[in-house]
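The entries follow in the order I looked things up.

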Amino acid sequence: MEIRRVTRAEDVQAAGHLFDSPPLPEATARFLADDRHHLLVAYVDDAPAAMVTGVETTHPDRGTTMLLHELGVDARFIGRGIGPALTTALADLARDLGCYGMWVLADPDNPAARSVYRCAGGVARQGPQEVLDWSFGDGAPF
């Protein structure tokens with residue numbers, strides 16, 4: 001397995017099966033144009049096997065943190081440690097970029113994802129927080 005940072009639209013399209021939906025050309029271009037957006041792809045025998053996206057967010061009184069936005073693993077490669085390896089690679093990148101931490105929202109009914117994040121060193125915080133979404137238009141994924 002080899003993990004590479006993807007910076008070209010054609011490489012995003014080649015890994016399109018790893019996303020929840022096919023990558024949109026306009027959104028892909030915008031994502032790749034922002035150096036605070038990160039896409040790491042794990043390749044097995046030069047084929048995209050998994051991906052993780054991260055977004056740096058900065059707040060005036062805290063500094064910069066990395067949001068792990070999405071992790072996708074091809075079903076053929078689940079259980080081989082690729083998810084934790086990608087998550088660790090994104091955490092290493094965040095550390096190298098000077099982020100003070102990294103975070104992800106994991107659905108309580110998705111134990112596989114929560115296990116991957118814990119395996120990669122994530123620590124679950126218990127609390128009364130809830131997620132609230134705003135959807136703007138028909139194209140919103142929520």
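Where is the place of Asp-46? I found Asp-46 in the loop between β2 and β3. I note at the outset that this is a predicted model.

**Entry: the β2–β3 loop**

I looked up the backbone of Asp-46 and read a phi near 65°, a positive value in a residue other than glycine. Asp-45 is found in the loop between β2 and β3 as well. Asp-45 has a positive phi of about 55°, although Asp-45 is not a glycine. I wrote these down because most residues other than glycine have a negative phi.

Is Asp-45 buried or exposed? Asp-45 counts as exposed, at 75% relative accessibility. For Asp-46 I read a relative accessible area of 59%, so Asp-46 is exposed too, the cut-off being over 50%.

I then looked at the strands on either side of the loop. β2 and β3 form a hairpin, with 2 residues between them.

**Entry: β2 and its partners**

I put β2 at residues 37-44 and β3 at residues 47-59. The strands run antiparallel, and 8 bridges join them. I looked up two positions along this pairing. His-38 has Gly-54 in β3 as its bridge partner. Tyr-43 stands opposite Pro-48 in β3.

Which residue in β2 does Glu-2 stand opposite? Glu-2 stands opposite Tyr-43. This belongs to the pairing of β1 (residues 2-5) with β2, which is antiparallel and runs over 4 bridges. Tyr-43 therefore has an entry in my notes for each pairing, with Glu-2 in one and Pro-48 in the other.

How many of the 8 residues of β2 are buried? I counted 7 of the 8 as buried, so β2 is largely enclosed by the rest of the structure.

I followed β3 into its next partner. A hairpin joins β3 to β4 through 3 residues. β4 covers residues 63-73, and β3 and β4 pair in the antiparallel sense over 10 bridges. Met-51 has Gly-72 in β4 as its bridge partner. Val-55 stands opposite Leu-67 in β4.

Leu-67 stands opposite Trp-103 in β5.

**Entry: α3 against α4**

I turned to the helices. Two packed helices are described by the angle between their axes and the distance between the axes. For α3 (residues 82-96) and α4 (residues 111-119), I read an angle of about 55° and axes 8 Å apart. α3 and α4 are therefore oblique to each other. Their crossing is right-handed.

Which residues make the contact? From α3 they are Gly-83, Pro-84 and Thr-87. From α4 they are Val-116, Tyr-117 and Cys-119. I sorted the residues of this contact by type and got 4 nonpolar, 2 polar and no charged.

**Entry: Leu-32**

Leu-32 has a relative accessible area of 23% and is partly exposed. The cut-off for buried is under 20%, so Leu-32 does not count as buried.

What does Leu-32 touch, not counting residues up to four places away in sequence? I listed Val-6, Thr-7, Arg-8, Ala-9 and Val-12.

I also checked Leu-32 against Ala-106. The two are 74 residues apart in sequence, and their C-alpha atoms are 25 Å apart in space.

Key. Residues are numbered from 1 along each chain as its sequence is written. This is a predicted model: local features need pLDDT of at least 70, side-chain atom pairs count only at pLDDT 80 or more; totals for chains, interfaces and linings use all residues. Side-chain values use heavy atoms; hydrogens and water are left out. Two strands pair if DSSP finds at least two bridges between them. Axes are lines fitted to C-alpha atoms, for helices over the stretch in contact, and angles run from 0 to 180 degrees between N-to-C directions. Angles under 35 degrees count as roughly parallel, over 145 as roughly antiparallel, 65 to 115 as roughly perpendicular and the rest as oblique. A crossing is left-handed if the near helix is turned anticlockwise from the far one by less than a right angle, and right-handed if clockwise. Contact means heavy atoms within 4.5 Å. Ala, Val, Leu, Ile, Met, Phe, Trp, Tyr, Cys and Pro count as nonpolar, Asp, Glu, Lys and Arg as charged, and the others, Gly among them, as polar. Buried means under 20% relative accessible area, exposed over 50%, partly exposed in between (1.4 Å probe, protein chains only).
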